[in-house]
Amino acid sequence: TMLPLLLLLLPTAHGIVRLQYKPILTQDPPLEGLTTASTFVLDQPRCVFENYGNADIWLVVALDQAAFTFNNTTRPGTPETAFQGFPDPVRAYMTLNTTLGSYPCPRPDGDITVLRVGSETSCAQDVTRPTCNGPLPGPGPYRVKFLALEGSVPVAETAWSVPIMLRTAKSFNSISTTSSGHSADMIAITTILSILFAILLAGLVAMLFWGSDSCGSSSTFSKPESVTVRRYNTHHVYDQPAARL
């Protein structure tokens, strides 16, 4: 019955080294999408764990209020630290494990030296991958730290980061109508022009109907009277026998 207790106390007996390094959002070079609605980008912990070549280095992601109660002896890949249970009931999960070889010091030229937290969507609902680097479920705030484990024993850890907030999408009602191109003055001008155009169009339509009625009333014709031609006989013109001499 004492064995589990001894195993629990073993890391405390050996002591875990607390490093001065504090994870930060990357600043060099500046990146687009440093934070999104479900991800953020950290600097890799280069030149931090050189004395722990046999360790696996894990990233611990926690809710801000749960960070300082995280138990370093909790093993990764278990229901207690599975991404699929975050943020409730799991308050902190472990992901992005790697060896020291992935964080060489100094950095070789051309190396990518950042980590995007929350970038894996394919395993977000896959309970067989509890260490998934899945999309974060809300704006936060979150805190992160790096933890070095030799086997299941924690040997070194960084400090917790400052709280990290993600972006939130703006609701339609919060979008201002006074922004560039949609000011109140522009809306008023557009409304007035629309009214004037409607009045002009109505006037043109009325003129067309009025003109059509006028033409119709003036284009009636009376039936022409028939012309009677009388025939006259000229009485002084007849065939007369030749005058006698």
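Modeller: The answers below go from the sheet to the rings, then to the helix and the backbone.

Modeller: This is a predicted model, in which local features need pLDDT of at least 70 and side-chain atom pairs count only at pLDDT 80 or more, while totals for chains, interfaces and linings use all residues. Residues are numbered from 1 along each chain as its sequence is written, and side-chain values use heavy atoms, with hydrogens and water left out.

Colleague: What makes β3 and β6 paired strands?

Modeller: Strands are DSSP runs of E with at least two residues, helices are runs of H or I with at least four, and both are numbered from the N terminus. Two strands pair if DSSP finds at least two bridges between them; β3 (56-63) and β6 (142-150) are joined by eight bridges and run antiparallel, so by that rule they are a pair. One of the contacts sets V61 against its bridge partner V144 in β6.

Colleague: Which strands form the open sheet, and in what order?

Modeller: Five strands form it, in the order β1-β7-β6-β3-β4, and the pairing is mixed. Because β1 (17-18) and β4 each have a single partner strand, they stand at the edges, and one side of each is left without a neighbour in the sheet. For β4, six bridges join it to β3 in the antiparallel sense, with A62 standing opposite A92 in β4. β6 and β7 form a hairpin with two residues between them, and G151 in the turn has a positive phi of about 70°.

Colleague: Why is β6 called largely enclosed?

Modeller: Buried means under 20% relative accessible area, exposed means over 50%, and partly exposed is in between, with a 1.4 Å probe and protein chains only. Eight of the nine residues of β6 are buried, so the strand is largely enclosed by the rest of the structure.

Colleague: How many aromatic pairs are there, and why is the pair of F68 and W160 called edge-to-face?

Modeller: The structure holds five aromatic pairs. Rings of Phe, Tyr and Trp (its six-membered ring) pair if their centres lie within 6.5 Å, and planes under 30 degrees apart count as stacked, over 60 as edge-to-face and the rest as tilted. The rings of F68 and W160 have centres 6.3 Å apart and planes at 65°, so the pair is edge-to-face. F68 is in the loop between β3 and β4 and W160 in the loop between β7 (153-157) and α2 (184-217), so the pair ties together parts that are 92 residues apart in sequence. F68 is exposed because its relative accessible area is 59%, whereas W160 is buried, at 11%.

Modeller: F83 and Y93 also form an edge-to-face pair, with 5.2 Å centre to centre and 80° between the planes. This pair links F83, in the loop between β3 and β4, with Y93 in strand β4, ten residues apart, and both F83 and Y93 are buried. Ring pairs link F83, F86, Y93 and Y142 into a cluster.

Colleague: Which residues does the "transmembrane region" annotation cover?

Modeller: The UniProt annotation, from an unreviewed entry, covers residues 186-210, and such annotations may be inferred rather than shown by experiment. In the model, the chain over residues 186-210 is 100% helix and 0% strand, with its end C-alpha atoms 36 Å apart.

Colleague: Why is M186 called partly exposed?

Modeller: M186, which is found in helix α2, has a relative accessible area of 44%, so it counts as partly exposed.

Colleague: Where are the cis peptide bonds?

Modeller: The bond from C105 to P106 is cis, with omega near 0°, and P106 is placed in the loop between β4 (92-99) and β5 (114-117). The bond from G140 to P141 is also cis, with omega near 10°, and P141 is in the loop between β5 and β6.
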